[in-house]
Amino acid sequence: MNKNQATVFSINISKEKGTSKTPIKCAELKEDFGIVGDAHAGFMHREVSLLPIEIIESYKLKSGDFAENITTKNIDLSKLNIGDKIKISGSLLEVTQIGKTCHNQCEVKKKLGECIMPKKGVFTKVLKGGLIRIGDRVII
């Protein structure tokens, strides 16, 4: 594998909304739903969220601390546009939203005084489901 290749660094889920997420080794993406077992699945057009590990580590935090579902590595998500497609393993995601309004109960905002999801988070819907794993290649 090319060390500069875009990959899935971590997959993260939570049982409740508004909390940090816990890393898991693999996940099932379900069409028009999101990640099976995640509290945010089925939530409007923001079924799956993505955030780069490079940004997370700049805050000295770890995967899932920003409540992102998929932590990416070696990809600049800020270059994506609404409608762009992201392929991970056999699954296909479509970018539906860049950033979001942070709510006052956000755990990250409580810890850091700010949340980066409004500026750095990318939200997607699942067009084609399947299994994804840590280390899977991310293709735009």
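The largest nonpolar core of this predicted model comprises 21 residues, and I70, I86, I88 and L93 have the most contacts inside it. Such a core is a set of buried Ala, Val, Leu, Ile, Met, Phe, Trp, Tyr and Cys residues joined through side-chain atoms within 4.5 Å; buried denotes under 20% relative accessible area, exposed over 50%, and partly exposed in between (1.4 Å probe, protein chains only). At least two core residues come from each of β1 (7-13), β3 (26-30), β5 (48-52), β7 (85-88), β8 (91-98) and β9 (122-128), with β1 giving the most, 3 residues. Strands here are DSSP runs (E, at least two residues), numbered from the N terminus.

Beyond its neighbours within four places in sequence, L93 is in contact (heavy atoms within 4.5 Å) with residues including L29, L50, I70, I86, I88, V126 and L127.

An open sheet of 8 strands runs in the order β2-β1-β6-β5-β9-β8-β7-β11, with mixed pairing. Because β2 (22-24) and β11 (138-139) stand at the edges with a single partner strand each, one side of each has no neighbour in the sheet. Pairing requires at least two DSSP bridges between two strands; β1 and β2 pair in the antiparallel sense over 3 bridges, and I13 stands opposite T22 in β2.

D38 lies in the loop between β4 (34-35) and β5 and is buried, at 7% relative accessible area. Its side chain is joined to that of K21 by a polar contact of 2.7 Å, that is, a pair of N or O atoms within 3.5 Å, one able to donate a hydrogen and the other to accept it, where residues adjacent in sequence count only if both atoms are side-chain atoms. Leaving out residues up to four places away in sequence, D38 touches N12, I13, S14, K21 and N69.

Residues are numbered from 1 along each chain as its sequence is written, and side-chain values use heavy atoms, without hydrogens and water. In this predicted model, local features need pLDDT of at least 70 and side-chain atom pairs count only at pLDDT 80 or more, whereas totals for chains, interfaces and linings use all residues.

Methods
Helices (H or I, at least four residues) and strands (E, at least two) are DSSP runs, numbered from the N terminus.
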